[in-house]
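Hi,

Here is the structure I promised to hand over.

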Amino acid sequence: MSSSKFQTLHGMVDILPGESEKWNWLESVIRETAREFHFSEIRTPVMEPTELIARGVGQLTDIVSKEMFGFSRGETNYVLRPEGTAPVARAYVQHRLDQRGGAQKLFYIGPMFRAERPQKGRQRQFHQFGAELMGTDSPLADVEVIRFMMRVYEKIGLANITLMLNSVGDPESRAAYKTALQAYFRPHLSKLSEVSQTRFEQNPMRILDSKEAEDQPYLADAPLITDYLNGHCREHFAQVKNLLTNEGISFTENPRLVRGLDYYTKTAFELVSPDVGSQDALGGGGRYDLLVEEIGGAPTPAVGFACGMERLMLACEALGIQIGGDAALDVYLVCRGTEAQRWAMHAMPAIRKTGQSCTMDFSGKSIKAQLKDANRQQTRFAVIVGEQELADQKFTFRDMHQSTEEALPFEEILSRLATA
Ligand code: HAM
């Protein structure tokens, strides 16, 4: 680590050359998958009104109560978005996206911000890709978004993943469950963590998501939501499971799966990997049939997911999966003297038009240093130019991989590069 005066903020990282190629590649896989599934990209601002996130994600969640990066300016309270679903729902209402007809299939890629304690797989600025299918309550939609999510991992070659599935019910089912949970936790209330005590009255389901040590002994025997689902939710859940099975998507039912956000109804899922350490959730999502209404829109059932891109990369690293990112250079113009540099500057556009990447030395290094630089960049071809080459109009075309070279006119070099 350097001793430079300014450093990235705690939990935030620079994505440097060498890494950024991997990100570009990963993003291209996501975009290509979105195209195949016919999801359209939506890009929302990184800042949103605090109230949108508080109402959307839920006042009592860790995200809203402890992890928001917010500030105010004048009368307005801003928050750096901790997730993408509430912002997409806002955009859906604001721009009347329902009027585009049919269910809307939207996807996004971008940075999210949560003031969590950083550790491996957990950052304060991290990146998600996600999708939202809005305007249908069909279980087919639940399976379509799960299939989109799984397809990205399949393309990357990450097979060692488990889809955990649960239903968190609707308000009616949850009211019955809430009563059962309160009855269960009440005798232990004074021994629960302070934060769980505050959640007990309003949202005891949040207690199940607690990471506090004091709460752990009481979580294992807590009642399960699946025993309190009403007929409608049970039927939806059964259909989702049935469709997943028919589509060959394996899953593990986990009746203890509660997500960290309050907007979920019915289907909830998480994708976990044993290869990323303690932060093992690669992604998660579910149905949120009431969110759009909650933030002021017309009733709009919807379902979606989001996945952490850093965690995906960690899983690839752990499993030795090489992800994209070919940073190698195609052509390096090695120049001896300023005339040669001028020639090279003029030659580069024609080389680039052949589709090959191309650069040169701008600082007048020695030939040896330029060739070393070319090697460092894993360059495939070097074109060497000096006074003699300019006089002869024949340039040394070196295949750096084969260690062969020929003196060729520039036109011939271009035609070789066009087919290389
Ligand atoms: P989430 O479970 O809060 O869901 O986040 C989704 C994924 O983002 C996590 O599984 C994890 O991979 C990644 N993630 C979350 N926090 C961090 C962090 N601090 N550092 C690194 N990665 C992180 C949502 O955000 C929902 N909006 C998903 C959704 C979409 N539900 C419906 N539609």
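To start with the loops: where is Gln 393 found? Gln 393 sits in the loop between helix 14 (387-392) and strand 15 (395-399). (Helices and strands here are DSSP runs numbered from the N terminus, with helices being H or I of at least four residues and strands being E of at least two.)

Before going further, a word on what you're looking at. This is a predicted model, in which local features need pLDDT of at least 70 and side-chain atom pairs count only at pLDDT 80 or more, while totals for chains, interfaces and linings use all residues. Residues are numbered from 1 along each chain as its sequence is written, and side-chain values use heavy atoms, with hydrogens and water left out.

Gln 393 is partly exposed because its relative accessible area is 44%. (Buried means under 20% relative accessible area, exposed means over 50%, and partly exposed is in between, with a 1.4 Å probe and protein chains only.)

Gln 378 also has a positive phi in a residue other than glycine, near 50°. You'll find Gln 378 in the loop between helix 13 (367-376) and strand 14. With a relative accessible area of 52%, Gln 378 counts as exposed.

Strand 14 covers residues 381-385 and includes Ile 384. Ile 384 has 7% relative accessibility, so it counts as buried. Leaving aside residues up to four places away in sequence, Ile 384 touches Val 334, Glu 389, Phe 395, Thr 396 and Arg 398. (A contact means heavy atoms within 4.5 Å.) To give you a sense of distance, Ile 384 and Arg 259 are 125 residues apart in sequence and 60 Å apart in space, C-alpha to C-alpha.

Glu 405 is 21 residues from Ile 384 in sequence and 10.0 Å from Ile 384 in space, again C-alpha to C-alpha. Glu 405 belongs to strand 16 (residues 404-408) and is partly exposed, at 46% relative accessibility. Not counting residues up to four places away in sequence, Glu 405 touches Thr 396, Phe 397 and Arg 398.

**Helix 5 and its partners**

Which residues of helix 1 and helix 5 make the contact between them? (Angles under 35 degrees count as roughly parallel, over 145 as roughly antiparallel, 65 to 115 as roughly perpendicular, and the rest as oblique.) On the helix 1 side, the contact is made by Trp 25, Leu 26, Val 29, Ile 30, Glu 32, Thr 33, Ala 34, Glu 36 and Phe 37, and on the helix 5 side by Glu 144, Arg 147, Phe 148, Arg 151, Val 152, Lys 155 and Ile 156. By class, the contact of helix 1 with helix 5 has nine nonpolar, one polar and six charged residues. (Ala, Val, Leu, Ile, Met, Phe, Trp, Tyr, Cys and Pro count as nonpolar, Asp, Glu, Lys and Arg as charged, and the others, Gly among them, as polar.)

Helix 5 (residues 139-156) also meets helix 9 (residues 231-246): their axes come within 9 Å and cross at roughly 45°. That pair is therefore oblique too. From helix 5, Pro 139, Leu 140, Asp 142, Val 143 and Ile 146 meet His 236, Gln 239, Val 240, Leu 243 and Leu 244 of helix 9. The class count for helix 5 with helix 9 is seven nonpolar, two polar and one charged residues.

**Cysteines**

How many disulfides does a search of the whole structure find? It finds zero. (A disulfide is a pair of cysteine sulfur atoms within 2.5 Å.) Cys 307 is in no disulfide, and the nearest cysteine sulfur, that of Cys 316, is 12 Å away. Cys 307 counts as buried, at 0% relative accessibility. Cys 233 is buried, with a relative accessible area of 0%.

Cheers

Notes. Axes are lines fitted to C-alpha atoms, for helices over the stretch in contact, and angles run from 0 to 180 degrees between N-to-C directions.
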